[in-house]
Amino acid sequence: MTALDTRTAPPQRRRRITGWVVIAAVLVAVGIAGSALAGIGQWAEREALDPESAGPTGARALAEVLRDHGVEVVVARDRTSAEAALARGPAVLTMADAPYLSDEALTAVADAATDVVLIDPRSRTLRLLLPGATTHGVGPGAAVPPACELAEAERAGSLSPGAIYAPGPLATSCYPTGGGYGLLVQEDDGRRVAAVDGRALFTNEHLAAEGNAALAVNLLGRHATLVWYLPDIGDSDITDADSSLGELTPPWVSPVIVVLLVAGIAAGIWRGRRFGPLVAERMPVTVRAAETTEGRARLYAHARDALHAADQLRIGALARLSRMLGLGPSASAQEIADAAAARAARDRGAVRRILIDELPRTDADLVALGEDLRALEQSVHAAVRPERNTR
């Protein structure tokens, strides 16, 4: 190896190492960004109607209001904790939809409570705990009065329900709107089950509107203890659930997908690599700007396109005038014409005619327009820089 090769080898090796380091850093950054976005989506879903969440869809404000009214709010994130809290004495159980629980488990948890308030019920939950009731869509969004004899709703006053429900035969229905009702309450031997759209009424962003806070306190504060149950997938007792995609595919599919991804990345690096530094290539012909301008002028003359040639003259004149007058690149032709007329103390209409309005039809008209443009530029130049005016 020559002395020159010895001197050039390390920089080449450093470039190769740097290239691999950059590729690895990009892959790591993409992975981190994807994980972060996935985590944000999962957290946004997890905080909905969470009494410990201060986000817009959380319910921390309602939990604090209930505590201020002397209600003990117990947050249960698993079924065991919820059943233990309910066994201590009379308590209100509130929960959203519980898709992870079987019908038997959901009914068992609800039966252990003195009152149940469903704040995000689905069709199955309504069927189990409010027989005959079903979902009925979403209300029109306008505030409506209770229109029922339920004392809690009458004290709360008007509000704007979100989801609405069709009642069963034994339910008391309040807030009629859109063909359904915003609140269903069914009592049986002193035990009450209520259904309301908590996402539209009880979250942090909606609690202060209309009678939302009053209705929430009236429904959830009937007893000294409120058990806020947030069912998790770990509580699931469903054993006959449908198989996942991973369970349905053969065991060799995942390794093959990984190998294909690695092969695709390697192929991209292989085909996208550079073979050394770029080399400046000598152009075969160099065309001067003056020759290009003359050629274009001959084309205009041959086509007798005086109007197009006039446009080119005006474009150049407007650009030069804009620079002389200190106008920005966004200045319009009308603004440049008015500024030039004011600076050169010329008639505004005449300047606009020269720069914009006049339409030359013949070569003589084009020549006259060119002389007018030159004279206008000279007068503006003399007004802007009088010390450079030799005349």
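This is a predicted model: local features need pLDDT of at least 70, side-chain atom pairs count only at pLDDT 80 or more; totals for chains, interfaces and linings use all residues.
Glu152 has a relative accessibility of 7% and counts as buried (buried is under 20% relative accessible area, exposed over 50%, partly exposed in between, with a 1.4 Å probe and protein chains only).

Residues are numbered from 1 along each chain as its sequence is written, and side-chain values use heavy atoms, leaving out hydrogens and water.

Back to the pair: Arg192 sits in strand E8 (residues 191–196) and Glu152 in helix H6 (residues 151–156), so the bridge ties together parts that are 40 residues apart in sequence (helices, H or I of at least four residues, and strands, E of at least two, are DSSP runs numbered from the N terminus). Both residues also belong to a salt-bridge network with Asp115, Glu187 and Arg222.

## Other salt bridges

In total, the structure holds 19 salt bridges. One of them joins the side chains of Glu83 and Arg79 at 3.1 Å, N to O. These two are four residues apart in helix H3 (residues 79–86), and therefore about one helical turn separates them. Glu83 is partly exposed at 30% relative accessibility, and Arg79 is partly exposed at 22%.

Asp103 and Arg127 form another bridge, at 3.9 Å, N to O. This pair links distant parts of the chain, 24 residues apart: Asp103 is in helix H4 (residues 103–111) and Arg127 in helix H5 (residues 123–129). Asp103 has a relative accessible area of 27%, so it is partly exposed; Arg127 is partly exposed at 47%.

## Two helices side by side

Helix H12 (residues 306–325) and helix H15 (residues 363–384) pack at an angle of about 0°, with axes 10 Å apart (axes are lines fitted to C-alpha atoms, for helices over the stretch in contact, and angles run from 0 to 180 degrees between N-to-C directions). H12 and H15 are therefore roughly parallel (under 35 degrees; over 145 is roughly antiparallel, 65 to 115 roughly perpendicular, the rest oblique). The contact (heavy atoms within 4.5 Å) includes Ala306, Leu313, Arg314 and Leu321 of H12, and Leu366, Gly370, Glu377 and His381 of H15.

Leu49 is not a glycine, yet its phi is positive, at about 60°. Leu49 lies in the loop between helix H1 (3–46) and helix H2 (60–68), and it is buried at 3% relative accessibility. Tyr175 likewise has a positive phi, near 60°; Tyr175 belongs to strand E6 (residues 172–177) and is buried at 1%.

Thr94, in strand E2 (residues 92–95), is buried at 0% relative accessibility. Leaving aside residues up to four places away in sequence, Thr94 touches Val117, Ile119, Leu220, Leu226, Val227, Trp228 and Tyr229.

## The chain as a whole

The chain has 15 helices and nine strands, and 32% of its 391 residues count as buried. Of the contacts between residues at least 6 apart in sequence, 62% join residues at least 24 apart.

How values were computed:
A salt bridge is a side-chain nitrogen of Lys or Arg within 4 Å of a carboxyl oxygen of Asp or Glu.
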